[in-house]
Amino acid sequence: MGLFAQWRGTVLARGHQLLGALGRAEEPDDPSEPTPSLNRLDALVEGFTAGQPVRWSMAGQPRPLPGPVDVVAYRIIEEALTNACRHAPGAPVGVRLRYDAAGITIEIRDEGVGPAPAGGGSQVAGRGLLGVRRRAERLGGTFSAGPRAGGGFTVRAVLPAPEEMIG
């Protein structure tokens with residue numbers, strides 16, 4: 001019982017740190033689901049278009065990406081679309097992919113009517129964006145997310161995937 005009481009005290013005193021560590025852990029994707037990949041972007045977007053007009057475009061020459069980059073790119077788009085549905089329901093959303101020699105740039109913009117009300121953000125959405133930011137930065141990429149002047153929200157990531165990495 002003494003060890004349990006000690007463990008309980010640690011959790012109560014440092015629970016926020018433990019939750020943060022758990023949020024950073026790379027949880028494996030559900031093995032019963034197909035591997036997240038930009039090859040499945042059509043299906044991902046189609047899953048959101050039932051309640052939200054989503055259009056996507058691509059620039060540059062599409063090419064296979066290294067596995068980790070492909071998964072992170074998919075997850076960034078998935079999180080941004082989820083947040084658009086949650087915080088700007090019914091607003092048009094644009095997803096843009098741009099391939100270049102250095103990698104891929106991803107931009108998701110919703111056309112919400114205005115910034116989120118003060119105090120109206122949810123912790124879960126914040127952790128989701130924080131999680132994809134960490135994934136992008138772990139790959140050596142950059143990530144930004146925030147409200148746009150005049151309303152709406154933009155998520156942007158640049159992920160490295162030099163052409164010479166693809167064999």
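Predicted model: local features only at pLDDT ≥ 70, side-chain atom pairs only at ≥ 80, totals over all residues.
Glu-107 is buried, with a relative accessible area of 17%. Glu-107 sits in strand E3. Apart from neighbours within four places in sequence, its contacts are Gly-94, Val-95, Arg-96, Thr-154, Val-155 and Arg-156.

Which residues form salt bridges with Glu-107? One is Arg-109, with the closest N and O atoms 3.9 Å apart. Another is Arg-156, where the N to O distance is 3.7 Å. Arg-156 belongs to strand E5 (residues 153-160) and Glu-107 to strand E3 (residues 103-110), so this pair ties together parts that are 49 residues apart in sequence. Arg-96, Glu-107, Arg-109 and Arg-156 are linked in a network of salt bridges.

Over the whole structure, the search finds seven salt bridges. Among them is the one between the side chains of Asp-100 and Arg-98, at 3.0 Å from N to O. Asp-100 is partly exposed, with 28% relative accessibility. Arg-98 is also partly exposed, with 37%.

The strands named so far belong to a sheet. How many strands form this open sheet, and in what order? There are five, in the order E1-E2-E3-E5-E4, and their pairing is mixed. Strand E1 (54-59) and E4 are the edge strands, each pairing on one side only. From one strand to the next, the twist averages 10°.

Strands of a sheet pair through backbone hydrogen bonds, in either a parallel or an antiparallel sense. In this sheet, E2 and E3 run antiparallel and are joined by eight bridges. Within that pairing, Tyr-99 has Ile-104 in E3 as its bridge partner. E3 and E5 also run antiparallel, with eight bridges between them; here Asp-110 is partnered by Phe-153 in E5. Strand E4 (residues 142-147) is joined to E5 by six bridges, again antiparallel, and Ala-145 stands opposite Val-155 in E5. The hairpin of E4 and E5 has five residues between its strands, and in it Gly-150 takes a positive phi near 85°.

H2 lies across E1 and E2, and its direction makes about 155° with that of E1. H3 packs on the sheet and touches E1, E2, E3, E4 and E5, with its direction at about 5° to that of E3.

How do H2 and H3 stand to one another? Two packed helices are described by the angle between their axes and the distance between the axes. For H2 and H3, the axes come within 10 Å and cross at roughly 10°. That crossing angle makes H2 roughly parallel to H3. On the H2 side, the contact is made by Leu-41, Leu-44, Val-45 and Phe-48; on the H3 side, by Tyr-74, Ile-77, Glu-78, Leu-81, Thr-82 and Cys-85.

The last topic is the nonpolar interior. In soluble globular proteins, nonpolar side chains tend to be buried together. Here the largest nonpolar core has 31 residues. The residues with the most contacts inside this core are Ile-76, Ile-77, Leu-81, Ile-104, Ile-106, Ile-108 and Leu-159. At least two core residues come from each of helix H2 (41-48), helix H3 (67-87), strand E2 (93-100), E3, helix H4 (123-138) and E5. Which element gives the most to this core? H3 does, with nine residues.

Leu-159 shows how separate stretches of the chain meet. Leaving aside neighbours within four places in sequence, Leu-159 is in contact with Val-69, Val-72, Ala-73, Ile-76, Ala-102, Gly-103, Ile-104, Ile-106, Ala-136 and Gly-141. Among these partners, Ile-76, Ile-104 and Ile-106 are also listed with Leu-159 as having the most contacts inside the core.

Definitions and conventions
Residues numbered from 1 in each chain as written. Heavy atoms only, no water. Salt bridge = Lys/Arg side-chain N within 4 Å of Asp/Glu carboxyl O. Buried < 20%, exposed > 50% of the residue type's maximum accessible area, 1.4 Å probe, protein only. Helix = DSSP H or I, 4+ residues; strand = E, 2+ residues; numbered from the N terminus. Pairing = 2+ DSSP bridges. Core = buried A, V, L, I, M, F, W, Y, C linked by side-chain atoms within 4.5 Å. Contact = heavy atoms within 4.5 Å. Axes fitted to C-alpha atoms, helices over the stretch in contact; angles between N-to-C directions. Parallel < 35°, antiparallel > 145°, perpendicular 65-115°, else oblique.
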